[in-house]
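Hi everyone, thanks for making time this morning. I'd like to walk you through a structure, so please have a look at it on the screen while I talk.

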Amino acid sequence: MKKFILFLVLAISCSSFAYSQDKEMRKKDLLNVIKTRTSVRTFSKKVAEPKRYVDELLKAAMSAPSAMNKQPWEFLVITDKEMKMTLAKEFKNASYIENASFAIIVCGNMKAAIEGEGREFWVQDCSAATENILLAAHSLGLGAVWCGIYPDKDRTLKLQEFLALPEFIVPLNIIPI
Ligand SMILES: Cc1cc2nc3c(=O)[nH]c(=O)nc-3n(C[C@H](O)[C@H](O)[C@H](O)COP(=O)(O)O)c2cc1C
């Protein structure tokens, strides 16, 4: 009985040591991802199964915090080759999209945003979601870059028109991945 209790105590302390070590490792992994993320603008290889990655990236995006938990974001995923080529031509600051496997356009939904004075918090909410996408992409071994749209008026209106977006959907950026 004594032996059994001793074994049990040993097993519990070993597993809690392993757990705390594992936690420490995961913390380091996250810090490493944050510190090594960098903008990628040239894409050599295409992703074989974009959908698998898109799901993960969007889950990461939607895990971001948002003011009053409004989550005023919408995401457009562009995979169509012709669409990528036209976007690359029309938006010089995002021309890298041409060779990307796909792109995510992060938009603010003004119908979901806070009303009144806090309205502009949508930019911070969508920026947090964007950073999560960039970090998740890096952690999955993908390259990505934030190409700014809003608050540049010309770019914003042009992209809204190009994608036939309703007025209340405001594109914040294009992320070629
Ligand atoms: C709000 C914002 C807008 C950006 N817009 C563009 C852009 O239009 N085109 C581009 O190539 N990079 C763009 N970037 C990426 C920055 O140029 C890049 O993050 C910066 O040079 C730092 O490099 P790093 O991301 O490799 O650390 C943008 C970044 C932010 C945060």
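Let me start with Tyr96, which touches Arg41, Val145 and Pro176 once residues up to four places away in sequence are left out; contact here asks for C-beta atoms, placed from the backbone, within 7 Å of each other. Before I go on, two words about the source. This is a predicted model, where local features need pLDDT of at least 70, side-chain atom pairs count only at pLDDT 80 or more, and totals for chains, interfaces and linings use all residues. Residues are numbered from 1 along each chain as its sequence is written.

Back to Tyr96, then: is this residue buried or exposed? Tyr96 is buried, because 22 other C-beta atoms lie within 10 Å. The scale is simple: 20 or more other C-beta atoms within 10 Å of a residue's own is buried, 12 or fewer is exposed, and anything in between is partly exposed, again with C-beta atoms placed from the backbone. You will find Tyr96 in the loop between α3 (81-90) and β2 (103-109). In space, its C-alpha sits 9.1 Å from that of Ile177, although the two are 81 residues apart in sequence.

Which residues surround the ligand? They are Thr38, Ser39, Arg41, Asn93, Val145, Trp146, Cys147 and Gly148, where the criterion is a C-beta atom, placed from the backbone, within 6 Å of the molecule. Arg41 and Val145 belong to this shell, and Tyr96 touches both Arg41 and Val145. By class, the shell divides into three nonpolar, four polar and one charged. For the classes, Ala, Val, Leu, Ile, Met, Phe, Trp, Tyr, Cys and Pro count as nonpolar, Asp, Glu, Lys and Arg as charged, and the others, Gly among them, as polar.

Gly148 is in strand β3 (residues 147-148) and counts as partly exposed, because it has 15 C-beta neighbours inside 10 Å. Leaving aside neighbours within four places in sequence, Gly148 is in contact with Asn93 and Asn173. Asn173 is 25 residues away along the chain, yet the two C-alpha atoms are separated by 4.5 Å.

**The chain and a helix pair**

Zooming out, the protein chain has five helices and four strands, and from the N terminus on the order is α-α-β-α-β-α-β-α-β. These are DSSP runs numbered from the N terminus, with helices being H or I of at least four residues and strands E of at least two. Of the 177 residues, 25% are buried. Among contacts between residues at least 6 apart in sequence, 76% join residues at least 24 apart.

Now for helix α2 (residues 50-61) and helix α4 (residues 121-139): their axes come within 7 Å and cross at roughly 140°. The axes are lines fitted to C-alpha atoms over the stretch in contact, with angles from 0 to 180 degrees between N-to-C directions. The two helices are therefore oblique to each other; under 35 degrees would be roughly parallel, over 145 roughly antiparallel, 65 to 115 roughly perpendicular, and the rest is oblique. Where do they meet? Glu56, Leu57, Ala60 and Ala61 in α2 meet Ala129, Asn132, Ile133, Ala136 and Ala137 in α4. That contact divides into seven nonpolar, one polar and one charged.

**Backbone points to check**

Most residues other than glycine have a negative phi, and most peptide bonds are trans. With that in mind, here are some spots to look at. The peptide bond from Tyr150 to Pro151 is cis, with omega near 15°, and Pro151 is in the loop between β3 and α5 (153-162).

Then there is the loop between α2 and β1 (73-78), where Met68 lies. Phi of Met68 is near 55°, a positive value in a residue other than glycine. Asn69 lies in the loop between α2 and β1 too, and its phi, near 50°, is also positive. Met68 counts as exposed, because it has 11 C-beta neighbours inside 10 Å, and Asn69 counts as exposed with 7.

That's my tour, and I'm happy to take questions.

How values were computed: Two residues are in contact if their C-beta atoms, placed from the backbone, lie within 7 Å.
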